[in-house]
Amino acid sequence: MKIKFTTTILKFAEQGEKTGWTYIEIPAAIAHQVFPNQKKSFRVKGKLDAYTFSGMALLPMGEGEFIMALKADVRKAIKKIKGDKLIVEIEHDKSEYQLDEDFAACLEEDEKATKFFLTLAKSHQNYFSKWIEAAKTQPTKAKRIIQTINALAKKMSYAEMIRAGKSEKDILK
């Protein structure tokens, strides 16, 4: 079901890991219409003013409320900042998450890494890809792909890779 409403763009001050995030609130009543009885994070598609998007996560904030983070590229596209009004049109995005294309291509080149990767639960496979996609620059993305392929070849989970990343030399050998 598509839901349309107007909201105000907000920004977290001190909120732990969310400090500095720009976001919009999705009231419980609206979230329930989009995805009834859902209490966990889920993806939506739709429009923010005239900007069309898909695969954006709604994150639970307790008491049935959700938020949608507005990353810099989205804010730039909609040309809006904290305090601005925003017309939101959303619906549940039921499409399946697709692995990052560059990561998938590199993964195909390493049989050992691919073999272990395919033994992981889909959600665990996605952790790797989403971490790679979150890179802000191409060099960082390339570094993360290499780190991931090497970690998978060593049969490391995402959490193990991140912990080991504190001493990158262990993974990049």
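I started with aspartate 100 and lysine 141, whose side chains meet in a salt bridge, 2.9 Å from N to O. The model is predicted. I checked where the partners sit. Aspartate 100 is in the loop between E7 and helix H3 (101–108), and lysine 141 is in helix H6 (residues 138–153), so the pair ties together parts 41 residues apart in sequence.

Are these two residues buried or exposed? I found that aspartate 100 and lysine 141 are both buried. For lysine 141 I noted a relative accessible area of 14%. It counts as buried because the cut-off is under 20%.

Next I looked for another partner of lysine 141. Aspartate 102 also forms a salt bridge with lysine 141, with the closest N and O atoms 2.9 Å apart. Aspartate 102 lies in helix H3 and lysine 141 in helix H6, so this pair ties together parts that are 39 residues apart in sequence. Aspartate 102 is partly exposed, at a relative accessible area of 37%.

How many salt bridges does the structure hold? I counted six. One of them joins lysine 2 to glutamate 89, with 3.8 Å between the closest N and O atoms. Lysine 2 lies in the segment before strand E1 (3–8), while glutamate 89 is in strand E7 (residues 85–92), so the pair ties together parts 87 residues apart in sequence. I noted lysine 2 as exposed, at 53% relative accessible area. Glutamate 89 is partly exposed, at 21%.

Then I turned to helix packing. Helix H5 (residues 122–133) packs against helix H7 (residues 158–165) at an angle of about 40°, and their axes are 9 Å apart. That angle makes H5 oblique to H7. Which residues make the contact? On H5 I found Tyr127, Phe128 and Trp131; on H7 I found Tyr158, Met161 and Ile162. I sorted the residues of this contact into six nonpolar, no polar and no charged.

Last, I looked at the whole chain. I listed seven helices and seven strands. Along the sequence I read the pattern β-β-β-α-β-β-β-α-β-α-α-α-α-α. The C-alpha trace spans about 50 × 30 × 30 Å along its principal axes. Of the 173 residues, 36% count as buried. The accessible surface comes to about 10,800 Å², and 52% of that belongs to carbon and sulfur atoms. I also checked contacts with a separation of 6 or more: residues 24 or more positions apart account for 61% of them.

Technical notes: Residues numbered from 1 in each chain as written. Predicted model: local features only at pLDDT ≥ 70, side-chain atom pairs only at ≥ 80, totals over all residues. Heavy atoms only, no water. Axes fitted to C-alpha atoms, helices over the stretch in contact; angles between N-to-C directions. Helix = DSSP H or I, 4+ residues; strand = E, 2+ residues; numbered from the N terminus. Parallel < 35°, antiparallel > 145°, perpendicular 65-115°, else oblique. Contact = heavy atoms within 4.5 Å. Nonpolar A, V, L, I, M, F, W, Y, C, P; charged D, E, K, R; others polar. Buried < 20%, exposed > 50% of the residue type's maximum accessible area, 1.4 Å probe, protein only. Areas by Shrake-Rupley, 256 points an atom, 1.4 Å probe, with all protein chains shown as cover. Salt bridge = Lys/Arg side-chain N within 4 Å of Asp/Glu carboxyl O.
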